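Take a look at the sequence and the structure below. Then read the briefing on its strands and its charged pairs.

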Amino acid sequence: MRTIMIRAYTEFNLGDDLFIKILCERYPDTQFVVIGSKDYNLAFKDIPNLKVYSSFKVRTKIINYIFYKIRFYSLLPKFLVKKSDAVVHIGGSLFIEDYNWEKSFHNNRSIYRKHTVQPYFLLGANFGPFLEEEYYNCHKQLFKGYTDICFREKYTYDLFKDLGNVRIAPDIVFQLKPFINTENVSHQKYITISVIKPSFRTALKDFDDLYYEKLKDISIYFIDRGYKVLFLSFCKLEKDEEAIESIIKRIPVEYAENVETHLYRTDMNLMISIIASAELVIATRFHSMILGWVLNRPVFPISYSDKMINVMNDVNFQGNYVDFKGLKSLNTELVFESMEHNMINVSAQVIDAERHFEKLDSYLLGAET
């Protein structure tokens, strides 16, 4: 049995946790290891071939600073790389330029070194947003040495397509479709709204009030027409839960009995089942949009990033949507009408998404593929 180290965003973000789930369940005869909170043992309790190595950070800023300086936090990842047969770096928005991007870049480079003998796979990601040419060039040089790279959108693929190890396939979460039976799902009279806290992202720091007001207006509009509204948090760390609280405070008390909150902590299946039964999926979270499509639900995207627009273009989505630039003029009636007009057939994407694992299949399964 081969051992594969997974590098992923292990902060209880539903989309990233689904990546890990799909990867491990695809290769039941492979041992996977990942670094994350001990609570991940609960999230992945049904995945016997995954071992979670607990990570921690001390609370004291001074000690944290010292640990970063002496590279203490890189010891466990490097140890697991040496003990593993290969590394799979899996995720979505793994390469966003920020003011401190050199730090994350050097961390990536230190874990993958040119002299390493282990195969290194990068699966499911998009690149950017980025501003500096140096950011792009540094990563392009790094990517040259990877065994295989499969991006999830054409924009990113076009940035690196001249590298011989780069491919493209639709988002990995499309691969959930073969494992989900939607035929007997009972659709209930509610909508789901996955939320973000705009100011958690620098580019959206001035949009909190407008965003919360619009979601309040949408909620009231649907409740007045007999629907319940279910707010979904995909990631506590990124302040989804805080955003939900801010929205609910704006909704008049007489509507409260028709509003519910569902917070993702460790139960991925519960979140999937909630979305599967919805009459409409209002998606600010990227993977709420993908899950809605996979589960054959009408989706109204509220795009907070070009990555959502890029994927909508890639799948030829023709339905209504809005980005944050157009949020102020959004008509709630347009959202309501999306229940009739925003369906899309993603059967082709479901098939094509399997190509993410094409090279990894060859490495792990050999002649069986």
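This is a predicted model: local features need pLDDT of at least 70, side-chain atom pairs count only at pLDDT 80 or more; totals for chains, interfaces and linings use all residues.

Residues are numbered from 1 along each chain as its sequence is written, and side-chain values use heavy atoms, leaving out hydrogens and water.

**The sheet**
- Two strands pair if DSSP finds at least two bridges between them.
- β6 (residues 148-151) and β7 run parallel and are joined by 3 bridges.
- In this pair, C150 stands opposite R167 in β7.

**Salt bridges**
- A salt bridge puts a side-chain nitrogen of Lys or Arg within 4 Å of a carboxyl oxygen of Asp or Glu; the model has 20.
- D361 and R26 form one, at 2.7 Å from N to O.
- D361 lies in helix α15 and R26 in helix α1 (residues 14-26), 335 residues apart; helices are H or I runs of at least four residues.
- R201 and E238 form another, with the closest N and O atoms 3.2 Å apart.
- K216 and E213 form one too, at 3.0 Å between the closest N and O atoms.

**Burial**
- Buried means under 20% relative accessible area, exposed over 50%, and partly exposed in between (1.4 Å probe, protein chains only).
- D361 is buried at 12%, while R26 is partly exposed at 24%.
- R201 is buried at 15%, and E238 is buried at 9%.

Terms used
Helices (H or I, at least four residues) and strands (E, at least two) are DSSP runs, numbered from the N terminus.
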